[in-house]
Amino acid sequence: MRMRHRTSRQAVVLAAVAALGVGLLAGCAEDSKEPGGSGDSGKKDAKGKTTITVGVFGAFGLKEAGLYDQYMKENPNIVIEQTSVERNENYYPALLTHLASGSGLADIQAVEVNNIAEITATQSDKLMDLGKVSGVDKNNFLDWKWAQGSSKDGKTVALGTDVGPQGICYRKDLFQKAGLPTDREKVGALWAGDWNKYLEVGKQFKTKVKDAAFVDGAQNVMAAVHGSSENRFYDKSGEVIYKTNPVVKEGWNLAAEFAAAGLSAKLQSFTPAWDSGFANGDFATISCPAWMLGYIKDKGGDTAEGKWDVAAAPKPSNWGGSFLTVPEAGKNKEEAAKLAAWLTAPEQQAKFFAERASFPSAKAAYDLPEVKDAKHAYFGNAPIGEIFAKAAEGTPVQILGPKDLIIAQNLADVGMLQVDQKGTDPDAAWDKAMKSIDNALDQ
Amino acid sequence: MVNQYETTAAPRGEGAAAPRVDKAPPSAKELKSRTWRSRRYRWDMKFSPYAMLLPFFLFFLAFGLFPLLYTGWASLHRVSLTDPNNMEWLGFKNFTRLLEDEFFWNALKNTVTIGLLSTVPQLVMALGIAHLLNYKLRGSWFFRVAVLTPYATSVAAATLVFVLLFGRDYGMINWGLGLVGIDNIDWKNGTWTSQLAVSSIVIWRWTGYNALIYLAAMQSIPNDLYESAALDGATRWQQFFHVTLPSLRPTILFTCVVSTIGATQLFGEPLLFNDGASPTGGPDHQFQTLGLYLYEQGWVNLHLGRASAIAWAMFLILLLVAAVNWLIARWLRKSEGRA
């Protein structure tokens with residue numbers, strides 16, 4: 001009995017070890033497939049189909065808009081597989097290491113606009129020149145979007161998908177309460193041409209409404225002002241000018257005034273409190289890029305149904321947008337380039353807008369009915385195609401630099417967030433932000 | 001233990017009792033095979049433990065030692081994540097600049113304060129809980145599993161719940177404080193409040209684990225000690241202080257070492273406690289730990305060389321802590337010997 005007891009225990013231990021071992025092995029096996037890496041993609045399966053992998057971040061939307069399915073239907077010999085990493089902060093460093101080692105890459109890799117300058121400056125020798133691929137027409141794209149995806153020596157390594165022209169989304173019920181107009185034309189006219197007028201409207205709003213703020217947070221005001229200027233953190237020669245550029249300080253000061261005047265709900269973007277603010281009516285306005293409309297609708301839900309509308313921003317401004325690249329190390333780069341060209345063509349971008357509200361970077365799409373006549377039911381049937389096309393065409397070609405993301409992040413999340421939420425003195429917070437940026441840029 | 005003696009003792013007795021029938025001297029062949037067998041047996045005893053340990057050391061080489069050395073090498077260079085194969089020799093500049101790097105010192109200070117705020121209450125509470133669990137309880141098994149459950153939850157899940165609890169506008173803790181007339185506290189933005197909040201996550205997750213370790217040690221304290229103490233008229237408290245605590249000394253030291261290592265490497269909780277999971281540790285870096293600063297330098301600012309230097313600095317700090325612990329342990333042992 002005793003012996004049997006022992007052997008059975010041994011058997012259990014053995015079984016457990018074996019199970020662990022098998023689990024580990026299985027884990028490895030799955031992993032090696034996971035990145036949809038170049039090893040896999042080179043192969044054709046039994047039916048002679050070619051698999052193209054696409055690496056994206058977040059809920060990118062190309063798949064959700066049904067574009068892959070359409071392409072596979074039109075090209076029966078192609079299979080498209082997508083891998084997605086939730087946050088760009090995690091996606092981008094991995095993309096850099098994969099590019100450096102030339103392995104683990106998907107055939108098509110998406111790049112966010114804040115990283116595009118670094119990609120074109122440091123990685124263009126590892127990416128295909130998509131400007132020469134048949135079906136790609138420079139004239140289809142917004143000039144500045146095309147320029148952002150091209151390296152200094154004129155190689156176009158990234159094709160634009162969407163852009164983030166901004167409007168101002170506002171709550172009609174709160175505007176009415178404040179005695180302000182609610183019609184989107186008149187609302188847009190309140191602050192047309194000057195961000196300071198936006199501040200004045202806010203002060204006027206505050207005298208009438210006590211239980212809601214005018215904007216969601218001071219940082220978004222700052223980002224919106226910075227997004228409407230040609231110069232931001234870099235000048236034309238590629239030098240950093242964030243300390244001296246008057247526009248940067250102007251945006252900072254204006255945002256700080258919003259905080260000082262108590263017009264901000266002190267919320268940070270993409271946090272749970274911010275999300276619930278859309279439904280609860282914690283703030284009356286927010287500068288909203290086209291792609292945010294779907295987000296507001298999701299978060300506002302039934303509670304805020306019929307309360308939101310969208311008007312033109314004081315000045316045309318851009319927030320966000322993405323690109324597609326094709327790494328040279330991919331095994332199917334010719335087929336991948338064809339797909340990238342197709343995905344960014346005006347017809348597909350129009351469909352992308354109709355399904356996902358991601359605004360096309362192909363200006364040739366603006367005349368297509370899906371864009372031109374687009375209305376958004378949740379925003380009181382606002383003619384969003386018209387509003388955002390106007391904003392996109394008016395946005396100046398912003399000079400981007402490799403460290404745009406880090407500078408913007410530190411200005412907002414280290415600097416302005418303190419002013420907004422902790423009440424830090426704006427000058428002290430500015431110094432702290434500058435110190436933090438200097439430290440981040442110092443190699 | 002008793003079982004083993006019984007099973008091994010029985011056959012020996014049998015062998016001794018039974019008279020041997022075959023007395024013929026063993027043939028040369030058998031002798032050879034016998035020596036071969038005994039040699040194999042000796043080799044088995046000698047080398048199998050190493051063979052069994054080998055897989056661990058192979059993995060350690062690949063995933064422990066190699067990264068450690070490579071990180072050391074990278075820390076002497078300027079390396080960017082945009083081009084990691086291109087290293088520019090810097091010597092010890094990445095280390096000397098740490099001395100003047102206010103963000104590094106801030107992170108070190110935060111690591112120490114959060115470490116103290118989380119470790120001390122955690123171990124004290126664990127001792128108390130272990131003491132309670134040591135009493136004869138109905139369903140003690142249930143309580144033991146219950147105290148261990150926080151340890152089994154993931155950092156991410158636990159932290160997300162705590163973020164909600166410590167929320168400024170709709171958080172449950174502020175709601176509770178509001179009931180007793182205290183205004184909403186902005187937990188995340190204050191220096192002490194945010195560090196307390198982060199510490200509370202660590203405490204919640206690790207107290208039960210330490211309690212079980214203490215409990216195991218308590219159960220190995222012989223009952224006679226308590227009985228004789230009781231005979232001498234010692235109260236429960238006196239028993240705890242004069243019998244339990246001294247017997248637990250090595251265990252307490254062990255949990256201190258493990259908690260210190262954990263506190264030095266604290267990463268997941270402060271990362272996820274910050275909105276948007278950015279590694280700045282709040283708008284004023286008020287709860288940025290060394291682990292977060294390392295991550296920010298390497299994966300946000302893309303300076304792999306600087307991040308490697310921070311990693312090595314952390315490693316050296318841990319060695320220092322280990323040395324101090326060893327000294328304390330030696331001193332304790334000596335003073336015990338004297339007493």
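**Chain A and chain B, term by term**

Reader: What share of the contacts in chain A with a separation of 6 or more joins residues 24 or more positions apart?

Author: In chain A, that share is 75%. Two residues are in contact here if their C-beta atoms, placed from the backbone, lie within 7 Å. A word on the model: it is predicted, local features need pLDDT of at least 70, side-chain atom pairs count only at pLDDT 80 or more, and totals for chains, interfaces and linings use all residues. Residues are numbered from 1 along each chain as its sequence is written, while chains are lettered from A and ligands numbered from 1 in the order in which they are written.

Reader: What makes a residue "buried", and how many of the residues of chain A count as such?

Author: A residue is buried if 20 or more other C-beta atoms lie within 10 Å of its own, exposed if 12 or fewer, and partly exposed in between, with C-beta atoms placed from the backbone. By that count, 51% of the 443 residues of chain A are buried.

Reader: Which residues of helix 13 of chain A are buried, and why are they said to be on the same side?

Author: In helix 13 (residues 292–300), the buried ones are A:Met292, A:Leu293, A:Ile296 and A:Gly300. They span an arc of only 105 degrees around the axis, so they sit on the same side of helix 13 of chain A. That arc is taken from the directions from the helix axis to the C-beta atoms. The packing partners of these buried residues are strand 4, helix 12 (272–280), strand 6 (283–289), strand 7 (308–312) and helix 17 (384–394) of chain A. Just after helix 13, A:Gly301 has a positive phi of about 55 degrees.

Reader: How do you know where the domains of chain A are, and which residues touch between them?

Author: The bounds come from an automatic or database domain assignment. For chain A this gives domain 1 (38–163 + 321–372) and domain 2 (165–318 + 383–441). Their centres, over C-alpha atoms, are 29 Å apart. Domain 1 brings 21 residues into contact with 18 residues of domain 2. On the domain 1 side, helix 5 of chain A gives the most, six residues. That side holds eleven nonpolar, five polar and five charged residues. Nonpolar means Ala, Val, Leu, Ile, Met, Phe, Trp, Tyr, Cys and Pro; charged means Asp, Glu, Lys and Arg; the others, Gly among them, are polar.

Reader: What makes up the contact of chain A with chain B?

Author: Chain A supplies 22 residues and chain B 25. Helix 18 of chain A gives the largest share of the chain A side, seven residues. By class, that side has nine nonpolar, eight polar and five charged residues.

Terms used. Helix = DSSP H or I, 4+ residues; strand = E, 2+ residues; numbered from the N terminus.
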